[in-house]
Amino acid sequence: MILDHLAISRAAFEAGTGWQIKPEGACRGEVCIPLRNQDANAPTVDVADLAAQMGLPLVHDEALGLWSLGPWSGNDRTLVSAEAPELELPDLDGNLFRLSSLRGQKVLLVAWAPY
Amino acid sequence: MWQELRTELHPLGLEIVTVGIDTVGVDACRPFIEAAAPSHPSLIDTHHVVAERFGVTNIPNGVWIDEEGMIVRPAETSPAPGRAARPAAGPGELPQHMMDIFAESAKFQTDPAAYAAALRDWLANGSSSRYALSPDQVVERSEPRNADAARGQAHFELAAHLEQVGDHASAVPHFREAHRLVPDNFSYKRQAWSLEASVDGPLSRFWQGPAEDDPDAWPYDSDWLSEVRGFGAENYYRPFVP
């Protein structure tokens with residue numbers, strides 16, 4: 001997740017990372033990471049604080065004034081659970097498609113590259 | 001490529017979603033997608049979100065997801081039926097460098113028929129198919145990610161973002177850092193190498209190595225041919241494990 005400031009809305013954090021901020025902590029599927037000092041009514045979250053508490057890497061390019069928030073690695077695996085993460089991407093015409101819209105069908109998701 | 005399998009398997013309950021991972025985006029993917037004329041969703045992923053969320057580290061990689069949205073096979077080599085597209089060139093038109101790359105590619109080991117047969121078995125037998133893994137197996141078999149790999153992903157995403165905004169010079173050090181932190185992620189490398197214009201024209205993105213007349217301008221520690229010869233083209237794709 002790319003950021004040019006570190007105070008962002010809870011919704012933006014959740015959409016960008018896939019982790020939901022709940023009373024029990026930061027949760028994804030059945031995995032929850034306990035959090036300290038979270039005010040459920042605050043309009044923004046402090047990404048640096050959440051990154052430190054959750055063990056997410058936060059890379060800073062000082063010259064450009066940008067941060068990149070990386071994924072969780074607490075279980076030493078890419079997948080946190082077998083529940084498919086949401087994936088929302090555009091097609092050639094720019095129309096957004098959500099992977100979750102295919103619930104009820106089996107899906108083969110294939111990555112390829114034109115190089 | 002995938003359309004042929006989709007035509008066969010869609011009536012049996014399978015949808016295919018293809019995702020083109022490339023910081024160059026629509027312009028680079030369009031000719032391939034239009035040539036394939038897919039009737040399934042065909043998406044563009046300029047930030048390699050599928051790498052971050054699903055653990056894609058090379059292409060082609062496939063993930064199986066069941067009707068309830070549960071992954072039953074995590075990202076793994078998914079050989080496409082039919083031949084991979086290559087830049088068109090007549091006899092004698094290709095530089096030796098490209099001939100060398102094609103010679104190494106020809107040694108790749110995949111079994112598209114076995115992969116398609118496994119898919120058919122899953123469609124017929126669902127969760128009782130021997131190829132459908134339990135949730136615990138899925139997480140366990142997903143790509144390993146330690147703290148270095150997570151940090152490397154953050155650097156890679158920053159590089160991809162900088163490519164998007166046209167700042168190639170600033171992207172290179174972040175690509176380099178991703179390569180250093182996650183040396184076995186081949187798509188981080190191929191993406192970065194494909195953006196160096198060592199030659200002009202249609203071969204540019206497939207060259208994946210230093211320019212012959214200016215090798216010192218190459219900003220990376222490795223390149224496609226050195227890397228593949230180093231680990232052996234036979235090991236390029238991991239074997240399919242039921």
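## A loop residue in chain A

A:Asp76 is found in the loop that runs between β8 and β9 of chain A. Helices (H or I, at least four residues) and strands (E, at least two) are DSSP runs, numbered from the N terminus. Phi of A:Asp76 is near 60°, which is a positive value in a residue other than glycine.

## The model and its confidence

This is a predicted model, in which local features need pLDDT of at least 70 and side-chain atom pairs count only at pLDDT 80 or more, while totals for chains, interfaces and linings use all residues. Residues are numbered from 1 along each chain as its sequence is written, and chains are lettered from A and ligands numbered from 1 in the order in which they are written.

The predictor gives the complex an ipTM of 0.96 and a pTM of 0.94. Chain B has a mean pLDDT of 94 (the predictor's confidence in each residue, from 0 to 100), and 96% of its residues reach 70 or more.

## Where the chains touch

The contact takes 44 residues from chain A and 69 residues from chain B. Two residues are in contact if their C-beta atoms, placed from the backbone, lie within 7 Å. On the chain A side, the elements that give two or more residues are β7 (58–61), β8 (66–69), β9 (88–90) and β11 (106–112). Of these, β11(A) gives the most, with 7 residues.

By class, the chain A side has 28 nonpolar, 9 polar and 7 charged residues. Here Ala, Val, Leu, Ile, Met, Phe, Trp, Tyr, Cys and Pro count as nonpolar, Asp, Glu, Lys and Arg as charged, and the others, Gly among them, as polar.

## A sheet built from both chains

Which strands make up the open sheet of 5 strands with mixed pairing? The order is β2(B)-β1(B)-β11(A)-β3(B)-β4(B). Two strands pair if DSSP finds at least two bridges between them. At the edges stand β2 (42–45) and β4 (71–77) of chain B, each with a single partner strand, so one side of each has no neighbour in the sheet. The twist averages 20° from one strand to the next.

Inside this sheet, β11(A) pairs with β1(B) (residues 14–21) in the parallel sense over 7 bridges. The bridge partner of A:Val110 in β1(B) is B:Thr18. Strand β3(B) (residues 61–65) runs antiparallel to β4(B), and 4 bridges join them. B:Trp64 stands opposite B:Arg73 in β4(B). In the loop between α3 (49–54) and β3 of chain B lies B:Pro60, and a cis peptide bond joins B:Ile59 to B:Pro60, with omega about -5°.

## A sheet within chain A

Chain A also has an open sheet of 3 strands, with the order β3-β4-β5 and antiparallel pairing. Its edge strands are β3 (20–22) and β5 (31–33), each of which pairs on one side only. Strands β3(A) and β4(A) (residues 25–28) are paired over 3 bridges, and A:Gln20 has A:Cys27 as its bridge partner in β4(A).

## Two helices in chain B

Helices α7(B) (residues 147–164) and α8(B) (residues 168–181) pack at an angle of about 160°, with their axes 8 Å apart. Axes are lines fitted to C-alpha atoms, for helices over the stretch in contact, and angles run from 0 to 180 degrees between N-to-C directions. The two helices are therefore roughly antiparallel to each other; angles under 35 degrees count as roughly parallel, over 145 as roughly antiparallel, 65 to 115 as roughly perpendicular and the rest as oblique.

Residues that make the contact include B:Phe156 of α7(B) and B:Phe175 of α8(B). By class, this contact has 9 nonpolar, 5 polar and 4 charged residues.
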